[in-house]
Amino acid sequence: MTLALGVFQVLFLIVGAPLTRGIIARIKARLQRRRGASIWRPYADLGKLFRKEDLAPPASSPVFRLAPRLLFAVALAAAAFVPVLQPSALLASLGDFVLMVYLLALGRFFLALGAMDGGSAFGGMGASRDALISTLAEAPFLLGLTAVSISARNPSIAGIVGWALRQNFFDISAVHILAFTALSMVVLAESGRMPVDNPATHLELTMIHEAMTLEYSGPSLALLEWASAVKLNVMLALLISLFGPWGMATNLAPAALGIALGAYLVKMLLLMVVLAVIESSVAKLRMYLVPDFLGVATALSVLAVIFTMIARR
Amino acid sequence: MVWDNTFWAFLALVGVIVPLSQLGGRVKPIRALGTLLLLAGIVAGISVAGVCFWQGTPVTLRLPSVAAFPLSLTIDRLGAFFLLLICSVSLPVGIFSMSYVAHHYEAGKARWMWALLSLFILSMSVVVTASTGFAFLAGWELMTLVSAGLILVEGDSEDRIHNVSIYLLMMHAGAAAVVAAFFLYWPYAHGLEFASIRSASANLPAGPRTVLFLLAFVGFGTKAGIIPFHLWLPRAHPIAPSPISALMSGVMLKTAVYGFVRFGFDFLRGGPWWSGYLVLAAGAVSGLLGVLYAIGEHDLKRLLAYHSVENIGIIYLGLGSSLLFLANGAPQWAALALIAALLHTLNHAYFKSLLFLGAGAISHSTHTLDLEEHGGLLRRMPVTGMAFLVGCCSIVGLPLFNGFVSEWLTFRSFLHGSALSATAARIVLPLMIGVLALIGGLAAACFVKVYGVAFLGRPRSVEAERAGEVPPTMRIGMVLLALNCILLGVFPLLVLSSLARLVQVLVPGSTAPEEIGSISRVIPWVAVTLLGTLAVMLAARRTRRSAATWACGLPALTSRMQYTSTAFSKPIRSVFAFVYKPDRRVELLPADQPYFPASISYRSVRTTSFEKLLYRPAVDAIVAVAYQVRRLQTGNIQVYLLYIFLTLVSLLVYLRFLR
């Protein structure tokens with residue numbers, strides 16, 4: 001039963017990922033007083049792309065085809081680390097947060113290689129910019145997770161979530177506020193959202209993630225798009241489970257699971273609204289201001305780690 | 001007994017028979033036989049080291065020696081681990097060299113290459129199996145000299161001799177510290193045998209303890225190439241022949257780690273309370289600056305040499321955290337950190353020698369090591385390309401490859417720091433997670449650059465366009481190392497269980513950490529998940545077509561439109577400009593017509609701050625002292641007679657009155 005629930009959680013995160021994107025786009029449209037496309041639109045896009053043929057530049061090597069598929073496999077593996085309905089997931093107690101972060105790094109590494117393999121200027125441009133951002137995001141990502149893991153005295157994500165569930169919401173410490181802020185900034189940077197990257201533009205002066213996927217088409221592009229949607233979904237679910245797990249089912253009774261699902265959807269919707277508001281109200285940062293943005297995240301996460309020591313007393 | 005004989009056979013083959021057959025062999029078959037005997041000797045070494053490492057029964061050899069300078073070799077578990085490292089890297093490197101040496105050197109030089117290569121392996125093996133200080137120092141010195149000889153086989157241009165002299169000078173400065181460390185033990189241990197040194201260490205006063213620790217730190221740190229003692233490393237490694245670079249970076253640096261572990265853990269059982277912070281700081285600085293300097297390079301071998309500094313930094317992070325845990329009375333976690341450091345030592349040996357062999361293969365096919373002249377090599381050299389990719393993934397520390405396991409263990413040891421009682425350690429150790437994460441991120445950026453520019457995209461030069469796959473033995477060498485990287489990445493328990501037993505001896509009061517079990521359980525699951533998903537997706541056959549990218553209206557994309565290595569690293573170099581401090585000059589000719597220049601020249605020179613601020617003043621001071629000393633040398637025979645007379649008088653005075 002737990003296994004089945006674990007599998008369900010992974011499928012839920014993966015299948016629901018395009019919907020997350022669709023809803024964010026819809027909320028953004030509404031904030032900009034447009035009607036916006038249907039929230040199911042991303043599924044239609046994926047379906048269309050999967051039916052098309054797969055084009056590759058003549059100079060490219062097998063890495064070009066491997067990259068999107070590996071990225072998707074990594075997104076799937078990362079989804080197995082995040083608790084959704086219950087404070088556990090397939091790999092959440094066996095593996096720890098370091099493994100999860102490094103799995104995402106594996107995907108990013110191959111995404112950048114695939115971009116370089118296209119042999120045009122844009123792939124290299126995107127890969128180079130992404131290298132800067134992901135390099136600087138790595139430290140706050142791990143330090144933020146370190147801070148909560150020290151508070152919970154448990155390195156596994158399941159352990160941290162289980163600990164957080166036992167805490168009173170109103171007892172939340174400065175560590176959590178700092179770590180949450182730092183990790184939210186990292187999520188924005190890692191999933192290529194505003195103000196670090198604009199997912200809605202193909203302007204060569206600014207694009208990062210879109211530049212890396214520019215040479216891809218058909219099923220490869222579909223897998224890339226889906227994988228990055230899954231990554232966003234997984235990161236948001238990770239934030240929810242680490243910092244607001246309340247409502248999760250502690251037993252396997254259908255009622256508890258129903259409440260957990262409802263609570264998760266409400267929290268997710270809340271995050272999506274916040275994301276849409278940020279994206280509609282903030283301008284994209286200049287490329288060389290992004291290090292400052294991530295520097296703030298790093299400083300916050302360092303403070304979070306230092307505060308764990310004070311919070312214990 | 002059988003293993004004693006195997007070890008004898010290893011020493012005889014590698015130390016005597018192979019060099020003699022190469023240098024003395026008149027006909028080609030004898031020299032070819034010598035090459036095969038070298039490989040056979042290495043296999044013997046692997047088997048005896050493997051048995052000693054996995055079973056833990058030491059093998060001891062007593063060599064004939066003069067009483068005051070006892071020579072004996074013992075393979076204990078620590079020595080066996082390092083002997084295994086040396087031999088298991090030497091075998092693929094030896095196989096690689098078979099066609100590499102034949103292609104690159106004429107017969108006269110090839111003989112010296114093989115003879116010195118064999119002696120190089122012998123010297124490193126002696127260092128890690130020595131059980132007396134004398135044998136250790138003999139191996140240590142031989143190792144330095146033979147490696148310098150190997151660099152000079154390649155050529156003897158002025159530049160090369162300059163770099164080799166810097167190498168020799170710094171090595172001997174380091175060796176002086178090591179010699180001093182051994183002789184500081186003499187009054188306490190009454191000899192140079194490791195056994196007596198070990199027992200003397202238990203009741204050593206605090207003063208000599210501190211001095212010994214610092215001597216070991218500086219002496220072995222110089223050999224390991226930690227910053228600021230790294231100056232020789234990016235000079236000496238790139239100019240050696242590629243298989244030798246692989247051995248120098250992959251293996252020779254590790255003998256320094258061995259020496260430091262032998263002194264710091266086996267003899268001294270941890271250093272003063274601040275030793276952990278010192279080693280952590282050295283590791284963090286080496287790791288960060290090493291990888292930052294690497295990103296700025298586009299000469300493949302210099303880049304890899306700087307990555308050696310980085311990885312030694314990661315190893316020292318593990319060692320430092322272990323010392324800090326020891327000083328805070330937490331042997332359990334000290335053991336974890338030491339296991340992480342030792343495993344990273346082995347992992348680095350595999351992936352770094354793989355990458356250096358790959359660099360050799362690239363230069364074999366394209367005749368250049370400049371990344372900007374490569375491009376599109378994966379399609380032209382598929383086996384080399386895939387092996388190199390494995391090396392890149394391993395050095396970056398991506399899951400399923402060996403570098404990840406040791407970095408993960410290091411991360412977990414830092415995490416345990418939060419449970420210590422000392423406040424400073426409790427803050428510093430978890431923050432080191434951030435440092436290691438930044439190092440990892442920068443390394444990933446650097447190897448995306450290396451692999452993307454060299455192996456992917458379009459060829460950037462005619463040589464790269466014409467490049468072809470390297471001969472079979474070179475491919476076998478690289479594939480063997482790549483398989484090691486994957487094997488240890490997915491099934492780390494192969495080494496970890498014995499390593500844990502080794503560390504229990506080095507860190508008394510520890511048991512096998514639970515992390516060993518947890519990483520060994522989770523990685524295969526991750527592998528199954530990733531490879532399963534990948535297999536399903538790759539199995540889905542789709543219509544595929546190759547189509548040229550739209551070139552924005554131009555006839556076609558050219559290789560000049562691709563991002564270069566320099567362009568790729570530009571954002572990171574700008575953000576970390578305070579590290580590089582480049583000296584840029586733009587010159588317009590003629591100077592009075594800035595808007596219509598006939599020619600523009602641009603020059604950007606990077607000298608590291610260490611050369612400017614640390615080494616230059618030191619060298620100037622030494623030269624100044626030397627000038628003063630030279631005044632004594634007048635060349636006048638009467639003055640020299642006066643010196644002799646004064647010396648005689650002062651000695652007589654000393655003997656009569658002062659003694």
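This is a predicted model: local features need pLDDT of at least 70, side-chain atom pairs count only at pLDDT 80 or more; totals for chains, interfaces and linings use all residues.
Zooming out, chain B is divided into domain 1 (1-200), domain 2 (270-531), domain 3 (565-604) and domain 4 (609-658). The C-alpha centres of domain 1 and domain 2 of chain B sit 25 Å apart. Where these two domains of chain B touch, domain 1 puts in 16 residues and domain 2 puts in 23 residues. On the domain 1 side, helix 2 (28-55) and helix 3 (77-104) of chain B each supply at least two residues. Helix 3 of chain B has the largest share of that side, with 13 residues. By residue type, the domain 1 side splits into 12 nonpolar, three polar and one charged.

Then there is the contact between the chains. Here 61 residues of chain A meet 61 residues of chain B. On the chain A side, at least two residues come from each of strand 1 (54-56), helix 3 (62-79), helix 4 (97-117), helix 5 (121-152) and helix 11 (290-312) of chain A. Helix 5 of chain A gives the most, 17 residues. Sorted by type, the chain A side holds 42 nonpolar, 12 polar and seven charged residues.

Strands also link the two chains. Strand 1 of chain A runs parallel to strand 3 (residues 544-546) of chain B, and three bridges join them. Within this pairing, A:Leu55 has B:Arg545 as its bridge partner.

What about the nonpolar interior? In soluble globular proteins, nonpolar side chains tend to be buried together. The largest nonpolar core in this model has 348 residues. The residues with the most contacts inside this core are A:Val74, A:Ala79, B:Leu338, B:Ile339, B:Val448 and B:Tyr451. Helix 13 (residues 331-366) of chain B makes the largest contribution to the core, 22 residues. Domain 1 and domain 2 of chain B each put at least three residues into the core. Over in chain A, A:Ala79 touches A:Val10, A:Leu13, A:Ile14, A:Val230 and A:Val234, not counting residues up to four places away in sequence.

Strand 4 (residues 583-589) of chain B is another story. This strand is hardly covered, and the count of buried residues among its seven residues is zero. Strand 4 of chain B pairs with strand 5 (residues 599-605) of chain B through seven bridges, and the two run antiparallel. In this pair, B:Glu587 stands opposite B:Ser601 of strand 5.

In chain B, the peptide bond from B:Ile227 to B:Pro228 is cis, with omega near 10 degrees. B:Pro228 sits in the loop between helix 8 (206-224) and helix 9 (233-239) of chain B. In chain A, A:Arg33 is not a glycine, yet its phi is positive, near 60 degrees. This arginine, A:Arg33, belongs to the loop between helix 1 (2-31) and helix 2 (41-51) of chain A. A:Arg33 is exposed because it has 7 other C-beta atoms within 10 Å. B:His367 also has a positive phi, about 60 degrees, without being a glycine. The loop that holds B:His367 lies between helix 13 and helix 14 (377-380) of chain B. With 13 C-beta neighbours inside 10 Å, B:His367 counts as partly exposed.

Technical notes:
Residues are numbered from 1 along each chain as its sequence is written. Chains are lettered from A and ligands numbered from 1 in the order in which they are written. Two residues are in contact if their C-beta atoms, placed from the backbone, lie within 7 Å. Helices (H or I, at least four residues) and strands (E, at least two) are DSSP runs, numbered from the N terminus. Ala, Val, Leu, Ile, Met, Phe, Trp, Tyr, Cys and Pro count as nonpolar, Asp, Glu, Lys and Arg as charged, and the others, Gly among them, as polar. Two strands pair if DSSP finds at least two bridges between them. Domain bounds come from an automatic or database domain assignment. A nonpolar core is a set of buried Ala, Val, Leu, Ile, Met, Phe, Trp, Tyr and Cys residues joined through C-beta atoms within 7 Å. A residue is buried if 20 or more other C-beta atoms lie within 10 Å of its own, exposed if 12 or fewer, and partly exposed in between; C-beta atoms are placed from the backbone.
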